[in-house]
Each structure stands twice: as C-alpha cells, then as structure tokens.
Amino acid sequence: MTPETTNLLTSPLPNGLATVEQEIARACKEARRDRTSVTLIAVSKTFDAAAISPVIDAGQRVFGENRVQEAKAKWPGLMSDHPGISLHLIGPLQSNKAKEAVALFDAIHSVDRPSICEALAKEINFQKKQPELFVQLNTGEERQKAGVAPGEADAFIASCREKYGLAISGLMCIPPVDEAPAPHFALTAKIAARNGLKNLSMGMSADFAIAIQMGATHIRVGSAIFGHR
Ligand SMILES: *Cc1c(COP(=O)(O)O)cnc(C)c1O
C-alpha cells in the first residue's frame, strides 16, 4: 500500500489535538494510568463551526462550551451532522438557563448553589434527561470566582443529594491563575474522595499533565487544541 492510500483511511489530526493527545498519553504512562481513564474535553468556546469541524473529523467527540447561548447557536447543527458528540457546559449557569442547559448538554460542570440545584432538579425530572453533574469548587476562595468554598463542600454535596435528589458525579475546580495548581487539584481530589465522588474535572491547557498525575478524570483543554482566543 502506498502512503497516499494509507492517508485516505484516517484524517490526520489537527496539530494542536495531536500534540495534546501525545501529552495525555505521556502523562497517563507516567502516572501508570490507562488512557481511557481520562476524558479529553475539547473547549471550543469562541471558535466557530469551521474551526471545530476538523477536530471532529480527527475523531474528537467530547466538547466543552462555557456559555449556553453560544453553544445553542453553534452545536445543534454540528451535532446533527456528526452523531455521537457529547457536549459539556463548563461555564457558569443561571437558573433561567437551566431548561436549555439540560436539553443541550450531556454534562454540567458548574453546579454551585441551591438555586441552580433547584432549577436543574426540576428540569431533569420534567425533561426525563440526566446530564452528568459536577459540583464546582472555588478552591482558591477567590471572591470573583464561582464555586463552593472548600469548607462548605461536604454540606453542599449532601444537600444536592438529599434535598434536591441530584446524582452528583464529581467535582470541578479552576485554580487561581497566579498559583501552582497542584495543591488545588489535591484538595479537590481529597474532598471528592471523602464524599464518594469518583470524577475529577480539573486541568486546562497549561496544567492538564499535572492534573492527570493528581487523578483528573476530565481535562478541559481549549487553546492548546484550537489556538489562542
Ligand atoms: C476556557 C476554559 C477552559 C480551557 O482553557 P484553556 O486554557 O484554553 O485550555 C477550561 N475550563 C474552563 C472552565 C474554561 O472556561
């Protein structure tokens, strides 16, 4: 078989995705973890369908968006052209968007307050659809940032389960930009373990290898795949 014929069988990976996949493989090997234990969420916020299509064609199926309205404008078309896409909401959610969020997303990483729990519980029951839910932690206790303070996490997770009947799958964190991420990942993993949560959404373009080392099951990688925003 000539190389030309071989190339027809699979689309080459776009550069960013190929590099990220190599890094994930290396980090998994170092951590003695199976590659399949880490889900790569390709964060496509601000990028249009023309930029996203080659990444889908290269085989990527899990994508992340941080705004409900933007995702609603972009993804239904892409999803009907490409079956098997899983879409994750990684940005803040407002109660009045819960209906659209439950309808569109397969996972929501930003559960962080009672009003959201209440709105999600209502829509999950009404739509008979069950997105995977992550509680977002504000591990750096930054005033401007969304998420539950570490000291309130156990009680919040308990209320998600008991008061709202929500099935919580894991925890998500975004470390402060000017701090080493490892202690924040470690704290997130510790809080997850003591609450019986097995999924950890942590690690972005700059630090996903460290996150994998510390047990991340979901890494959210944007600019390393798509380029600068
Ligand atoms: C944008 C975003 C990412 C991806 O960030 P990159 O540095 O581009 O990889 C990850 N998580 C959240 C919550 C984001 O908003």
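Q: Why is S86 called buried?
A: S86 has 19% relative accessibility. Buried means under 20% relative accessible area, with exposed over 50% and partly exposed in between (1.4 Å probe, protein chains only). S86 therefore counts as buried. This is a predicted model: local features need pLDDT of at least 70, side-chain atom pairs count only at pLDDT 80 or more, and totals for chains, interfaces and linings use all residues. Residues are numbered from 1 along each chain as its sequence is written, and side-chain values use heavy atoms, with hydrogens and water left out.

Q: What makes the S86 and H88 side chains a polar contact?
A: The contact between them is 3.4 Å. A polar contact is a pair of N or O atoms within 3.5 Å; within protein, one must be able to donate a hydrogen and the other to accept it, and residues adjacent in sequence count only if both atoms are side-chain atoms. S86 itself is found in strand β3, residues 86-89. Helices (H or I, at least four residues) and strands (E, at least two) are DSSP runs, numbered from the N terminus.

Q: Which residues does S86 touch, not counting those up to four places away in sequence?
A: S86 touches R61, V62, F63 and D106. Contact means heavy atoms within 4.5 Å.

Q: Why does A216 count as buried?
A: Its relative accessibility is 0%, so A216 counts as buried. A216 lies in the loop between α9 (208-213) and β8 (218-221). Beyond four places in sequence, A216 touches R33, S37, V38, L200, M202 and A211.

Q: How do you know that the buried residues of α3 line one face of the helix?
A: In α3 (residues 49-57), I52, V55 and I56 are buried. Seen down the axis of α3, its buried residues fall within an arc of 100°, so they line one face. The arc is that of the directions from the helix axis to the C-beta atoms. An α-helix has 3.6 residues a turn, so residues three or four places apart point the same way. The cover over the buried residues of α3 includes α2 (15-30), β2 (62-65), α4 (68-81) and α10 (223-226).

Q: Which side chains have polar atoms at 2.5 Å, 2.9 Å and 2.7 Å from the ligand?
A: An N or O atom in the S205 side chain is 2.5 Å from a ligand oxygen. A polar side-chain atom of R220 lies 2.9 Å from a ligand nitrogen. For R229, a side-chain N or O atom is 2.7 Å from a ligand oxygen. The protein covers 89% of the 390 Å² of accessible area that the ligand has on its own (Shrake-Rupley method, 1.4 Å probe; for residues, only the protein chains shown count as cover).
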